[in-house]
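Here's a quick briefing to read alongside the coordinates. Have a look at the chains first, then go through the notes below.

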Amino acid sequence: MRTWDVLVIGGGPAGLAAALSAHENGARTLLIEREGKLGGILKQCVHDGFGLVRFQEKLSGPEYAGKFLDRFREAGIEAMTLTFVTRIQKTGLGFHVTIVSRSGVETIGAKALVLATGCRERTAKQVSIHGTRPSGIFTAGTAQHFVNLMGQLPGKKCVILGSGDIGLIMARRMTLEGAQVLGVYEAKSTPSGLTRNIHQCLHDFDIPLYLSHTVTRVFGAERLTGVEISQVDGNMRPIPGTQQLVECDTLILSVGLIPENELAEKLGIPLDPKTKGPCCNAQLMTGVDGVFSCGNALHVNDLVDYVSESGETAGRNAARYSGAPRKEIPIETSSKLLYAVPQRLDLNADNKETVLYFRSREVLGNCRLTISADGREIFSRKYPFLRPPEMERLTIDFSSFGLAENSRITLDIEVNDHG
Amino acid sequence: MNIRIINARLEKRFSGAVHAALQDGALVLTGHLDTWAQTVEACAMAAKKYSTIHVVNDIVCNEVRQQTMRLPTLQDTALEGQKPDVLIIGGGISGASIARELSKWKLNILLVEKEADLALQASGRNDGEVHPGIDLKKGSKKHYYVRKGNAMYDQVCKDLDVPFRRVEQYVCFENRWAKPLIALYCLIRKYRDGISDTEIISGEELRRREPNFREDIRFAISNPSSGCVCPYGLTIAYGENAVQNGAQVSLNTAVLDMQVENGKILSVTTNRGTVYPALVINAAGVFAEEIAAMAGDRFFSIHPRRGTNSILDKKAGAYMTSIASVKEITSNKTHSKGGGILHTVHDNLLVGPDAVETWEKENVETRKESVDAVLAKHKQTMPKLSASDVITYFTGVRAPTFEEDFIIEMGRKTENLIHCAGIQSPGLTTAPAVALDIEKMAVEYLKKQRPVEENPDFNPVRHGIPVLRDMDDESRAAMIRENPDYGVIVCRCEEVSKGEILDALRSPISVPTLDGVKKRVRPGMGRCQGGFCSPIVTQIIADYLGVPVSQVRKSSQGSVITYGQTGPEEGV
Amino acid sequence: MAKLVCIVCPRGCALDITEARDGFHVTGNTCKRGEQFALSEMTRPMRTICSTVRTTLPGVPVIPVRVSGEIPKDRIFDVMAQIKGACLHQAAPRGTVVIRDVLGLNVDVITTSDLETHEKGETCHE
């Protein structure tokens, strides 16, 4: 049986960064990717805006991926594309991973795994869109695949549901290709995507944004002919009597991303219901020894720069994984936060430069993030604003706080005014 | 049947707006009513169970708007002049199973179906349960066929290579006081009505088998002869076996008109030409009444009844392995059919269906209220049921008569016609047995005209498309060695390979659309609902057909996926 | 008199711009870049375009491109028309110029992904 030290599952930005980092840390590394080419979702993200943090450049998705692909090829790291993982078994010394490809079925071995499996899009059924079942309803990523990889126009007169970044990007993309985008409808009362995208994708093209509205029904026996829009209340529930019909031939849905963790669940890895990704420590090791998580599978990111960073952390630690016992304490969040990653701290590991990611639950103005251990405040930082669509990143030296086995760490946000 | 009593009842309830009269062996209701609900009530009032005199609904109803049958856009003369021995109208489970049984004979069989694929109406929109018949009383055709059909399923599914599983069905009760009553009910069903596998189990025993069921369930009726099958998979398999044995299946073909003279159908006009069948079989589902009318033999009426099902994630599928529902004992006699929870043959959970009377024969819209109500109802059986596990939902329209039973008989006024109408639950279960009886009737009729020989090459065995994800590693590897396309996974959620997709495109009844491929090999049926794979499957279909991507369809001709290339026009 | 949200950095300062005889005055910005952005938006807003260009290579219907620098916002659709009319016929590394100095705007349209020929049968999807 062929074996490697580190097996990275997923060849998008997270997996590429993880494989590079594992390799650079001395591990014999294999990258497995189910598509025919590496790069993951970046292949279809032809728009720019990637890499502002990491490279101080505004790169397109393929260019950002290209920077990692160049290094990957130069390093000569092994990769198997069009290869699919069907089964993973934990063995005494590591893992047996069964893969399917054009060459057949093979079971390979690895000491450590990095799950860089990305995420999928929430579907129309998951947001209770009812009515007929016509063609012309696409999630934004699927529409993007048609346009940017296949050069096909999926619609001419579009309604977009969801003001997440992908929806905003597709509003602009469809417009550039000559389609008419009638409007972007958002069930929340604040937009979900980055402000710069609202500006550059909607305002630039006079595409209206309707907050507190949602699509409830679709019409059309064969291809979509129209959608029913309703206003929603504070709980995002449709208000009866506010329905209006908007004629269109395309509905593009940008209603959220869900981390892909089927393999993790099959391995018995506990997931955090707040992130839908594995609970990890600062080394990004999951609840199963030797399995690491990174990228959008760990939690949905807004900036690919942080995806790469988490990949590097996971890859580095996977390479260094030795099966040492852990002494973990929980990192909890108050209700002011949507979530924080990591969810645990391994006191036996090096936590001098712990990268902490978190999201505020609400849009807030002047506020203060506090970290407390056993009731006493050990860290705080002021923020002029916090917005749920904009994930924050902190580096904290947890080693200096005198934390012990029964310590509990809590994150909270003190609000001075609501934004 | 006492017409006077019926009219007295109708008079009392509808103040003279409706009147019943016996005409040509049918009970025809005429008059004028406001709502469809009233029409259904009037007809149900007049209908007598198990009677051979059926209600014909000629009541004018204000609520009912003109509905035209959805027709395919295809227009050609591909079938023009054909003289089939048997023309089967309808490609659901009835029509497809009949075609297969008839292909045991040396007959020219033509099955026409107006949709883009088989099983696109009720046969593809039900829960796939193979019923034990616990709710059926002796005397109905449903009851007559249900045990016969149920018993045939192992062999039929083995021959047709269709996954089938025997699973218990539990009808659960919360009221301990009802136990003696239900026990009596079970004895009657078991011994008088022949539902021989019926037994009662305690709540404790139930929860031993199904630990996630509610604590409050005190006891349950158990029927281990229940089963689950993929209803459209079985329909397609029957159809393919029929085609392999010489039958012809023409999709996108609608019957538009018939020429009937002296009680005999002379010709049938379709959008693909006019054919001259010796015998016509009416298996037209919700349109069975229209076909009967065209054939001059309308002696029954269909009142459509809509039902919606939800499909839950495979993770939820792990919560239970059987089929179950909680029965509330009330005096409410309305159609309380609220379905149940069923562990499907694909390992999802299916919840539903409900039952809503509708005049719309082809409205398969889903409604949030239906889905929510059905989920809420079945949380009573298993509290773990959660809306967040729902990955899709769908609606089907049943085709019941007012007598709520099947019509399996030769035409009454038209001699070369056989009706297979009024098929509703347990129509899937009964289909194999019904098909055999119709085969008998058909052959008997044709033998009167000319000799009918057996088909010496008839092969009951049909091989389905291999399902590689279910194979062991060695077998799977061997398949991939033969055909590397089997090793390229296209649909990640359901683990479907390019090879299987191409097999679907090359199958005996090829439907090269996204939905046709989805029905046969499942890409798009998983948790991402085609988000990742649909562009790739579209490309594969385009490459297979040798057409531009923009010519690939989701289902019917108008279900455009993409409008063309970005940039300059195609061909420029 | 205009209100803008600055998009130069994630801070998103709310900018107030007033027009006076000596030009535009910007308030609300936290840094110089914000002021520059506001002035640029009021006089001649500039944008980048990212799109795709056709290729005749088998298995690669389109390849991603971008403009190498910003172009005036009001020329977006003119530049798109040029991009739509272009086509690549051979393999090329990323950064290859597809249209030089498009419409005289001092920027090129360049590829952002390596265009490679594929081994036969290598991909069934990208």
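In the A–B pairing, 38 residues of chain A are in contact with 42 residues of chain B (contact means C-beta atoms, placed from the backbone, within 7 Å). Keep in mind that this is a predicted model, where local features need pLDDT of at least 70, side-chain atom pairs count only at pLDDT 80 or more, and totals for chains, interfaces and linings use all residues. Residues are numbered from 1 along each chain as its sequence is written, while chains are lettered from A and ligands numbered from 1 in the order in which they are written.

**Chain A's side facing B**
- Two or more residues each come from strands E6 (84–90), E7 (95–101), E8 (104–115), E9 (119–121) and E10 (130–131), plus helix H3 (140–148), of chain A.
- H3(A) gives the most, with five residues.
- By class, this side has eleven nonpolar, 18 polar and nine charged residues (Ala, Val, Leu, Ile, Met, Phe, Trp, Tyr, Cys and Pro count as nonpolar, Asp, Glu, Lys and Arg as charged, the others, Gly among them, as polar).

**Chain B overall**
- Chain B comes to 15 helices and 26 strands, taken as DSSP runs (H or I, at least four residues; E, at least two) numbered from the N terminus.
- Its C-alpha trace spans about 75 × 65 × 50 Å along the principal axes.
- Of the 572 residues in chain B, 56% are buried (20 or more other C-beta atoms within 10 Å of a residue's own, placed from the backbone).
- Among chain B contacts between residues at least 6 apart in sequence, 73% join residues at least 24 apart.

**Chain C**
- Chain C splits into domain 1 (2–43) and domain 2 (50–111), with bounds from an automatic or database domain assignment.
- The centres of these two domains of chain C, over C-alpha atoms, are 31 Å apart.

Terms used
Two residues are in contact if their C-beta atoms, placed from the backbone, lie within 7 Å. A residue is buried if 20 or more other C-beta atoms lie within 10 Å of its own, exposed if 12 or fewer, and partly exposed in between; C-beta atoms are placed from the backbone.
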